[in-house]
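My entries follow the order in which I looked things up.

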Amino acid sequence: MSSDSPTQLRRVLSLPWLVFYGVGVTIGAGIFALIGEILAIAGDHAPWAFLVAGVVAGFTAFSYAALSSAYPRAAGEVLYVKHGIGEWAGRLVGYSLVVTALMSSAVISLAFARYVSSFSGLPEAVALLGVITVLSLVAIAGVRESVGVAAVITALEVGTLIVVIAVGLPPAIESGLIWRSVAPPLEPALWTGVMAGGFLAFFAFIGFEDIVNMAEETDDAARVIPKAVIWTLVISVAVYALVAAVAASHPDRAALIASKAPLAVLFEGATGQSGAVIAVMASIAMVNGILVQIVMGSRVLYGMAEEGMVPRVLGWVHPVRQTPLAGILSLAAVIALLALTVPLLQLAEWTSLIILAIFTLVNASLFLLGRKPGAPGKLRRWRLWGLAGAFVSMALVVSEIVS
């Protein structure tokens with residue numbers, strides 16, 4: 001325990017809370033903000049781009065489930081890679097996780113500001129700074145408060161996507177356009193777009209891995225966290241594939257691609273009614289992603305401070321609220337700076353690239369740890385899965401670099 005942070009984190013989370021947390025950070029800004037860009041890249045086969053991203057995430061999800069049962073600690077990925085590859089690699093992963101929390105939160109903040117501006121006329125910078133400030137205060141208030149807010153918003157955002165699916169699916173089926181989007185690409189050239197779209201769609205799956213960083217605030221973490229990781233990914237893949245199929249079947253795809261609020265445009269086209277309510281719900285949904293990334297990133301900093309891998313002051317815990325105050329405030333300041341200075345699409349691409357590199361190292365660590373004498377039985381049984389996961393993650397990185 002850090003001498004500068006005598007206060008420990010509070011174990012208050014159970015499986016339902018963790019699934020809400022995981023779904024809340026995974027489903028949200030990725031689909032709301034990037035569906036237009038993915039449609040532009042993958043076209044009719046946008047659902048397949050999400051399925052490709054889901055398969056890549058799925059390989060790594062099982063690796064996380066196995067590793068989290070053996071190392072139920074905050075800054076989980078850092079520990080996996082530290083013990084599997086070496087301290088230098090663990091330190092690199094820790095820094096990379098914090099960077100991805102910063103960049104993905106900046107992406108979500110920008111997308112939030114765009115949706116808010118689309119229906120309110122409020123300047124984007126004002127909306128952006130306001131939401132970061134409010135959510136930082138929620139994160140400071142406590143982990144149960146943070147996850148409670150995330151659970152409510154998760155219900156709203158998933159409900160919004162279900163409404164979009166419900167209103168968009170019947171006309172897509174009636175027109176027959178949906179069969180074009182769900183049919184697998186048969187020409188090799190089409191897979192170039194699918195893989196490029198999958199690389200960007202992968203951003204929409206970032207979040208399920210954050211669950212492992214809540215280990216020191218979870219009861220029976222070694223049993224609960226693996227289940228929460230798998231449930232989160234299954235729910236996310238199902239919702240994304242359906243939304244992408246409906247969007248790809250929209251008769252005016254160009255309008256979706258050009259819009260700052262594509263799902264609102266999709267709702268308008270399917271119902272003939274104003275899409276303002278969808279834009280409002282999308283804005284609320286995006287709040288979730290920012291909040292949980294601040295929560296996750298601050299726990300990574302806390303865990304690294306406990307391991308002596310970053311300055312110990314970054315692990316300082318509020319003595320009353322029992323939350324990592326220094327980490328939360330540091331992250332909020334950098335998120336605001338990135339969101340105000342770097343374009344959204346560039347931030348999303350950087351985030352996907354770094355996360356895939358982290359996944360490659362985590363999967364490789366499972367393989368290496370499973371080969372060590374005295375390794376837990378689960379790690380030994382799943383070690384070859386880790387090798388396959390490392391290959392799949394790196395293959396998506398390579399496909400993007402060479403495309």
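**Entry 1: the positive patch**

The model is predicted, so I note its limits: local features need pLDDT of at least 70, side-chain atom pairs count only at pLDDT 80 or more, and totals for chains, interfaces and linings use all residues. Residues are numbered from 1 along each chain as its sequence is written, and side-chain values use heavy atoms, with hydrogens and water left out.

I wrote down what a patch is here: its residues have over 30% relative accessible area and no salt bridge, with like charges joined within 9 Å and nonpolar side chains (Val, Leu, Ile, Met, Phe, Trp, Tyr) within 5 Å. Areas come from the Shrake-Rupley method with a 1.4 Å probe, and for residues only the protein chains shown count as cover.

Which helix gives the most to the positive patch? I found helix α16, residues 377-381, with three residues. Helices are DSSP runs of H or I with at least four residues, strands are runs of E with at least two, and both are numbered from the N terminus. I picked Arg 380, which sits in helix α16. Arg 380 is partly exposed because its relative accessibility is 40%. The scale is simple: buried is under 20% relative accessible area, exposed is over 50%, and partly exposed is in between (1.4 Å probe, protein chains only).

**Entry 2: the nonpolar patch**

Next I looked for nonpolar surface. Leu 353, Met 394, Val 398, Ile 401 and Val 402 make up a patch with about 450 Å² of accessible area together. Helix α17, residues 383-402, supplies the largest share, four residues. Met 394 is in helix α17. I noted a relative accessible area of 36% for Met 394, so this residue is partly exposed.

**Entry 3: salt bridges**

How many salt bridges does a search of the whole structure find? I noted three. The test is a side-chain nitrogen of Lys or Arg within 4 Å of a carboxyl oxygen of Asp or Glu.

I took Asp 44 and Arg 180 first. Their side chains meet in a salt bridge at 3.2 Å, N to O. This pair links distant parts of the chain, 136 residues apart: Asp 44 is in the loop between α2 (29-42) and α3 (46-70), and Arg 180 is in helix α8 (residues 177-182). Arg 180 is partly exposed at 35%. Asp 44 is partly exposed too, at 23%.

Asp 44 also forms a salt bridge with Arg 253, whose closest N and O atoms are 2.4 Å apart. Arg 253 lies in helix α11 (residues 253-258) and Asp 44 in the loop between α2 and α3, so this pair ties together parts 209 residues apart in sequence. Is Arg 253 buried or exposed? I have it as buried, because its relative accessible area is 18%.

Then I checked Arg 91 and Glu 87, a salt bridge with its closest N and O atoms 3.1 Å apart. The two are four residues apart in helix α5, so about one helical turn separates them. Arg 91 is partly exposed at 26%, and Glu 87 is partly exposed at 40%. Shared partners join Asp 44, Arg 180 and Arg 253 into one network of salt bridges.

**Entry 4: a buried serine**

I went back to helix α5, residues 87-120, for Ser 109. Ser 109 is buried, because its relative accessible area is 0%. What does its side chain reach at 2.7 Å? I found the backbone oxygen of Ser 105.

**Entry 5: distances**

I finished with pairs apart in sequence. Ser 14, in the segment before α1 (15-26), is partly exposed at 31%. Ser 14 and Ala 228 are 214 residues apart in sequence and 9.3 Å apart in space, C-alpha to C-alpha.

Glu 216 is in the loop between α9 (190-201) and α10 (221-248). Glu 216 counts as buried at 18%.

Terms used
A polar contact is a pair of N or O atoms within 3.5 Å; within protein, one must be able to donate a hydrogen and the other to accept it, and residues adjacent in sequence count only if both atoms are side-chain atoms.
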